[in-house]
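Biologist: Hi, could you walk me through this one? I have some questions as we go.

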Amino acid sequence: MNRDNNQAPKKGRPKSSVKQTATGRSVSRGAALRAQKQAVQDANRVASQYLDASAQTADQPRPRRANVIDDSPRLKIVGLGGMDGGGSKNMMVIEYQNDAVVIDCGNDLGVDLPGINYGIADTAYLDQIKNKIRGFVITHGHLDHIGGLPHILPKYNVPVYGSRFTIGRVEEIFENFGIPMPDGFELKTVIMNEANHERLKLGEFYVELIRVTHSIPGSTSIVIDTPAGRIVDTGDFRFDPNPLDHEKTDMERFKEIAKEGVTVLMSESTTTERPGRTPSESEIEQSFIDIMDNAPGRIFVGLFSTNMNRVQMIVNAAVHHGKKVAMDGRSMVSTLEMAVRNGFVKIPKGTFVPIANAAALKDEQVVVVCTGSQGEPNSALVRMSTGDHKHVSLKEQDTVILSSTPIPYTGNDALIRAMVDDLLKKGVHVYRHETHEVDQVGPLHVSGHGSQDEYREMIEILKPKFFIPVYGDYTAKKYHIDLAVEAGIPRANCLNAENGDIISVGANKIEITGQVPHGTILVDQTGSIVSTVVVKDRVLLAEEGLVAVVLTIDKKSGALLTSPDIISRGFIYMKDSEELMNAFRNELRRAVQQRFKRVDLDRFKAELKDYVTHFLYEQTQRSPIVIPVVNVIGGRTEKGNNDLHKTDSNGQQVAKTPEEIALEQQRRFAQMRQRLLNQDARVD
Ligand SMILES: [Zn+2]
């Protein structure tokens, strides 16, 4: 309840600031407007987690030093993404005089706003240095490192460099992207061999890839030699001594690189809070064999769609047990096709069956590898568990293995829990990594990222002069800097930078010397860009709902010609609130009577909006979006009317008769009213 309720108006305040309503309650106008302002601010705060670069600058009371084109001979590093937010939409710009390369171009799938699929980095800064950009070099094929490319690359039309598998992934996402590419754009890719230390010249830079182990094939670190020193960006990595594909992190090459000297190390920071070392991928192989030995019926394995080494592991185990493998989940099938084509996954002839044929096989013959290990509502596994899948429905005695852990900071753990609930209710055997000891099986998942000992070891091997933790939020990067200090890097030579910071690398010091425009661009399910203004409205609608009032007023008399139409969405169910609606209509009648003839139409609409906001807040303590629609019939409206003339048979403009004008206005009004009413079955 509002404190201003039941208080007499204060002396000196205009009388109209406290409103008496038909129900006899009163609330100050200020309180109602404050409540609405609060609702708008709340919506802004939610949407403003993701502002584009122009909005970011507008929001800053005193913007930091504005960017100017800078061709001075110094090395600059700017993270347009990846310096916060848990390491999403990763994108690092390396710039020296007239040359720049961009490392990675990812998206952010963790954006939780209505109708938004993901965010990408705002590239206003790249527009400023467009002529310097020599190429995009990609560390690996996860979406948080490549998912922004279809939106961003066409603007610059430069080549994309990466390992064979990474380039395969880049081509795959361009093929699957729903929106046509602009005219004249052609995807240019360059495959670099990460095994033989091939170096390519991009402008004044030399670029080399070094193989690392991660949870997707073809993962690499990137070495960039610049006239002002050597930079190493690790990409995502771990030091698995025994990876399934035998593609170990190339420690020898890192040691050679270190001997020649490393100026700046940019190292990923995903799991810098995890002590020790990450176990080897090979430790989980036996767990799958054990489960397959004992499962009574069909086996379903949920995985991340790009984890091809693990797919290979499951295929091997299935072959060993004489089972067939089917696969489902569009993203996974797409990546598997590319992986098989490029020789990264080998499936023996006769092993693979289409998912549509899996139902015809005997239960004990079937292994299905699918997406949905995160409980995503539209994933193959969830649809199979709810009976919404075209070919397969899960049943008693089936076995489901979830071979992943929830992605942190996403809320996926709740989705997974709900899916597991559904599965267990059906009598499905569920094996999760988290409960593997309770279930008496071995580990079912290992992380693709290192742990503290590995992060520290990377720094010890490379012995960089300067250290910049990347791909993580401030906290994760702070822990990473502590590890670097333990590894012997002076704290003054470490920098915890934010997105947009210009990191200037000098001979003896590293510092932030300004900021470039940066931010997030939001993308919807179709791949289209959505304005932040639209998203703010959506948040406000979701929180408070919408009320439209449609008034039809006689120009001459200023009287209402019909009972006011009220349309409500997401606010209250009007049929259950007859008393309120009647009071509301009376208020509207009174507002028209008192004000319409006294002020012009625009002013009247503004007052009406205020009045309605006030009334609804007083009655309901809520502040929906209010849209007043006022139709004035029988004469010119205050704003003027362009339809007072018609073209006669000779092509001349002649004045319409008053009857014609009145008829036309009535027809238009009837059409518009119908349009509005058609949108709401609940309108009375
Ligand atoms: Zn990754």
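**A chat about the model**

Modeller: Happy to, and let's start with T166: leaving out residues up to four places away in sequence, T166 touches I138, T139, H140, G141 and G218. Keep in mind that this is a predicted model.

Biologist: Okay, and which helix is T166 in?

Modeller: T166 sits in helix α6.

Biologist: Is T166 buried or exposed?

Modeller: T166 counts as buried, because its relative accessibility is 0%. The cut-off for buried is under 20%.

Biologist: What does the side chain of T166 make a polar contact with?

Modeller: With the side chain of S163, at 2.9 Å.

Biologist: Let's stay with α6. How do α6 and α10 cross?

Modeller: Helix α6 covers residues 164-176 and helix α10 covers residues 330-341; their axes come within 10 Å and cross at roughly 135°. The two helices are therefore oblique to each other. As for handedness, the crossing of α6 and α10 is right-handed.

Biologist: Why give both an angle and a distance?

Modeller: Two packed helices are described by the angle between their axes and by the distance between those axes.

Biologist: Which residues meet there, between α6 and α10?

Modeller: From α6 there are F165, G168, R169, E172 and N176, and they meet S331, S334, T335, M338 and A339 of α10. By type, the residues of this contact between α6 and α10 divide into 3 nonpolar, 5 polar and 2 charged.

Biologist: Now α7 and α14, please. At what angle do their axes cross?

Modeller: The axes of α7 (residues 251-260) and α14 cross at roughly 45° and come within 8 Å. So α7 and α14 are oblique to each other.

Biologist: And which residues of α7 and α14 meet?

Modeller: M251, F254, K255, I257 and A258 in α7 meet E457, M458, I461 and L462 in α14. That contact of α7 with α14 has 7 nonpolar residues, no polar ones and 2 charged.

Biologist: Switching topic: where is H197?

Modeller: H197 is in the loop that runs between β10 (189-191) and β11 (199-202). H197 counts as partly exposed because its relative accessibility is 27%.

Biologist: What is H197 in contact with?

Modeller: Setting aside neighbours within four places in sequence, H197 is in contact with E208, D250 and R253. With D250 there is a polar contact of 3.3 Å between the two side chains. A polar atom of the H197 side chain also lies 3.5 Å from the backbone oxygen of A195.

Biologist: How many Å separate the C-alpha atoms of H197 and L209?

Modeller: They are separated by 6.6 Å, and H197 and L209 are 12 residues apart along the chain.

Biologist: What about G110 and I407, how far apart are they in sequence and in space?

Modeller: G110 and I407 are 297 residues apart in sequence, and 9.6 Å apart in space from C-alpha to C-alpha. G110 itself is in the loop between β6 (107-108) and β7 (118-121). At 40% relative accessibility, G110 counts as partly exposed.

Biologist: How many residues of α5 are buried?

Modeller: In α5 (residues 149-156), 7 of its 8 residues are buried, so the helix is mostly covered. The buried ones are L149, P150, H151, I152, L153, P154 and Y156. Just after α5, N157 takes a positive phi of about 50°.

Biologist: Last thing, the whole chain. How many helices and strands?

Modeller: The chain has 19 helices and 30 strands. It has 684 residues, and 53% of them count as buried. Among contacts in the chain with a separation of 6 or more, 72% come from residues 24 or more positions apart.

Note on methods
Residues are numbered from 1 along each chain as its sequence is written. This is a predicted model: local features need pLDDT of at least 70, side-chain atom pairs count only at pLDDT 80 or more; totals for chains, interfaces and linings use all residues. Side-chain values use heavy atoms; hydrogens and water are left out. Helices (H or I, at least four residues) and strands (E, at least two) are DSSP runs, numbered from the N terminus. Buried means under 20% relative accessible area, exposed over 50%, partly exposed in between (1.4 Å probe, protein chains only). Contact means heavy atoms within 4.5 Å. A polar contact is a pair of N or O atoms within 3.5 Å; within protein, one must be able to donate a hydrogen and the other to accept it, and residues adjacent in sequence count only if both atoms are side-chain atoms. Axes are lines fitted to C-alpha atoms, for helices over the stretch in contact, and angles run from 0 to 180 degrees between N-to-C directions. Angles under 35 degrees count as roughly parallel, over 145 as roughly antiparallel, 65 to 115 as roughly perpendicular and the rest as oblique. A crossing is left-handed if the near helix is turned anticlockwise from the far one by less than a right angle, and right-handed if clockwise. Ala, Val, Leu, Ile, Met, Phe, Trp, Tyr, Cys and Pro count as nonpolar, Asp, Glu, Lys and Arg as charged, and the others, Gly among them, as polar.
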